[in-house]
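This report describes a helix pair and a metal site. The sequence and model are shown below.

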Amino acid sequence: MGYPPLDPTLTGDALERQLLATWKHERLFERTQEAMRYGPPFVFYEGPPTANGRPGIHHVFARTIKDLVCRYHTMLGQGVTRIAGWDTHGLPVEIEVERTLGINGKKQIEAYGVEKFNRLCRESVFTYKTDWESLSERIAYWLDYAHPYVTYTNEYIETVWWLLKRLHDKALLYRGHKVLPYCPRCGTALSSHELALGYEEVQTNSVYVTFPLAQDPKRQLLIWTTTPWTLLANIAVAVHPDLEYGEYDVNGTHYIVAVERAGDVHVGGRPLAQAPRVAGYHGRDLVGQKYVRPLEVVPLPQEGQRAIVVAGGFVSAKEGTGLVHMAPAFGADDYAVGQQYGLAFVNPVAPDGTFQGTRWEEINGRLVTDKETNRLIIERLKHEGRWVETRPYTHSYPFCWRCDSALIYYARSSWFVRTTAVKTRMLEVNAEIGWHPPEVGSGRFGEWLENNVDWALSRDRYWGTPLNVWECEREREHREVIGSYAELAERWGGGKRLPPDFDAHKPHIDGYTWRCRECGGTMRRVSEVIDAWFDSGAMPYAQWHYPFEHQADFKAHFPADFICEGVDQTRGWFYSLLAIGVAAFDALVYKQVIVNEHVLDALGQKMSKSRGNVVNPWQVIEAFGADAVRLFLLGQSQVWVRKRFDKAQIPDVAGGFLNTWRHTYKFFADYVGDWTPESSAPPVAERAPADRWVLARLDEVVATVREAWNGYDVSVGVRAAMDFVVLAPAAPFLADWLHRALTGTSVHLASFPADQGRREPELLQAMAAVRKLASLARAARETRGLAVRQPVAKLQVAVPAAVKGRAFADLLDILAAEVNTKGVEVAGSDHELVRLKGKADFRSLGRRYGKDTPRAAAAVSQLTAEALQALERGEPVRAGEFELQPEDVTVTREVVSDWAVQADGPYVAAVDPRLSEDLIQEGLARELVNRVQRLRKEAGYEYATRIELSVAGADDILAAVSAFQGFVAGETLARKVLLGAVLPEADVTREVDIEARRVTIGLRRHDGRKGGTR
Ligand SMILES: [Zn+2]
Ligand SMILES: [Zn+2]
């Protein structure tokens, strides 16, 4: 039978596509799942990608890591859960649909119709699903795509409701009023983890503004703000009670600022600190003072204090003036102060972010974050005599992570999960998680938990899991949280079934109303939907429709043994999984997590559409094959180090390795013929050193890879595997091709090799030395232009004393064959082959020996080889009166003889370049054999075909063949060799050049049949 040939013209891409077809035909993935079904479970949770937008190279990265870990555990005999999932709700989907419809914002959505809009959202979700599935399949990311969890299904939503009700029962769900980061474009508040996604450095115009005291307008509070638009809603000014304030006289006006700030605040172009200070006191002395508000264009409510100085512990003298203007509608601190002091509340900004209902016509309808709005306000402040200075200010400002609009802080009614109540438990649970790398768990994620604020859960949007809270129209506190559809049916219809086409989404769900049990008013669902991060964090339960179905499945798949996502998920999915697990069940949700870093472009820049540097994964795979891309991504550097994706580097990282295995296999298949591994191979100890070396090296690699992968260190394992070959989880295609070629079965149904404890450290070290010497010897031969097939008489080598031993001696035959030499001699020490010379470093010596340096340098030139070797080892040596340090001397090597010598530290290979007549003849004979072998192939002979051979032409070639006839005949399987004539009726006759000599070679089958067998 023999082993199948590997077509050298077959590209990686083509080879992999052939295998994909085979896998599909064999249902290989399903078979691996079935085979390991009863193995000990290994639970993996797929972080659901938003099926919205095409997958990029960074998705290939995360998916490759996930796949490697899952394949590895499958090969360890574990039953690995590999359920696909899709995150389908939320703003990204809405925005996509808005774009398709050419509409913008909530008003237009409502005009279009929420029902139609949500139907489009549902349909659009899977626009990209096929892209995701086919790319995942192409890179061999094995998941069960036929039975995914999908967050918009009624079942999924029911579980989410059940979880929310559970939180409500634990008093962890509440309606609050909070100032939240808010996107006026999307019309929704952002949770703090979403907020963290969108900070950018920007420059804005900050202004210094005066607030004259009501009692004495020539005394003026000076405030500084980076958001002048909030001044329209100014209600108070806060000072720090303990801070020192001063009044500075500029032309009769007394400006009040914190003393520490006076050097930085300018009036009329000069720092206040240079003006006479006419009064000084603590902040608390100012509290209660009334002032005159700026920009009186917004009607204020009757109730509440206003235009008053208050105390705030948050005020500092780090920047600004040490006085902070307060607009309770637009700042978290402001709102808290408002509650504390009973301040009036005024909000002239509509939910779309524009000014509404002010007495200033020109400003109504303008977006507050617009530059022009800012300009108009500053103009008016100048006009009113309140403006002191405009100063450009560079700071980190939050933008909507989804639509890039500038966010504003905005007081809204909102629903929260009281995560702060379980903060301590979250920290404890986090400490149990195995983070890879650990610093994400203790650093980025741990700090995130330390600074936990309640999870702002609700969104004023349309396409999402509807918040399952119903409130009484008459009295909001008459409230019910519905935890299942059965409960909904019971409330709504008194046991009547829900309609068969029941849809839990807006607007349908809002048709379900009933009578308030307390007052008879109508119970209506609140308008909000929930944060889609809550959906994805609910997947451990909702993928099973727990607790309504699959209770046993849920229990068997909780918690996860392993998850893996990008570093941005510390505030996303890593958090939502953990927060829900701890808040609802006090449970650990995932045990091990690999956090992969971002993939940057070749120059280290973030990939983005606008830069045009986004890598199309399909193109890269087509060019190199998925295995090469996988090996590159996994092996180039640690997965938690930022990765520059330079496709030019793929061949450097993966190409050499992949070529080696192709050549190795070809060599094997060409020469091995029908050989099969003997079932009764001799005991290891009796085998040839090369065999024992391979086995010991295999065990060493297996142990390294297992240790790395058991510890979730993907890259170290991949690199160790690439040094040898244990590859299936990392490069599933090539590994499978090879395994099938050798054994006829898929590697993915095989077990991961076990370390059988064959160590032989002495042999491994000796083989490493032999490999190094072989490459030095080859390099040495090249320096004298000695062709590969030209044997040489002798190779002399030197190695460190520690290497010399029986194992090394046993391998010298291998070395001789590799280097094509008649003999190998081991020198007693390397200075028999090369002369070590010491060169003094005058600068280094000069520092210690000053004017004695020339004498010290002379001592260096007298050093013995032993002394120089000691210096090389990093040991100091004495030379007469001088103590020499390693840095004082550069050790060089000079070739002693006329042999061809190459050295690498203490490893030296010296090749005797002198060729006897015999050696030259043998070289020519070997060249001839090489030409004959090529012609055998050309003739289509099999490896065992016996031939007749004729050689005619140059005399010295004929003489060489004659001298080495036995060798030539044996190598070429020639039963007859005809010299000086040309075979009649040859299958092939060819003139060839051998070392600038011309000969004619003829070949024919020994049995006389003509032609090849192909
Ligand atoms: Zn937005
Ligand atoms: Zn009621």
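## Helix pair

In this predicted model, α22 and α23 cross in a left-handed manner, a term for a near helix turned anticlockwise from the far one by less than a right angle. The axes of α22 (residues 689-710) and α23 (residues 714-723) come within 7 Å and cross at roughly 165°, which means that α22 is roughly antiparallel to α23 (angles over 145 degrees). Helices are DSSP runs of H or I with at least four residues, and strands are runs of E with at least two.

Contact (heavy atoms within 4.5 Å) involves R697, V701, T704, V705, A708 and W709 of α22.

## Zinc site

The zinc ion (ligand 2) is coordinated by C472 (SG), H478 (ND1), C516 (SG) and C519 (SG) at 2.1 to 2.3 Å; donors are N, O and S atoms within 2.8 Å of the metal, or 3.2 Å for Na, K and Ca. Angles among the four donor atoms are 96 to 123°, and the site is tetrahedral (all angles between 85 and 135 degrees).

Along the chain, the donors follow the spacing C-x5-H-x37-C-x2-C. H478 lies in the loop between β22 (469-472) and β23 (479-481), and C516 in the loop between β24 (514-515) and β25 (522-525), so the pair ties together parts 38 residues apart in sequence. H478 is buried at 15% relative accessibility, and C516 is buried at 6%; buried means under 20% relative accessible area with a 1.4 Å probe, protein chains only.

## Basis of the values

Residues are numbered from 1 along each chain as its sequence is written, while chains are lettered from A and ligands numbered from 1 in the order in which they are written. Local features need pLDDT of at least 70, side-chain atom pairs count only at pLDDT 80 or more, and totals for chains, interfaces and linings use all residues, while side-chain values use heavy atoms, with hydrogens and water left out.

How values were computed. Tetrahedral: all angles 85-135°; square planar, octahedral: opposite > 155°, others 65-115°. Buried < 20%, exposed > 50% of the residue type's maximum accessible area, 1.4 Å probe, protein only. Axes fitted to C-alpha atoms, helices over the stretch in contact; angles between N-to-C directions. Parallel < 35°, antiparallel > 145°, perpendicular 65-115°, else oblique.
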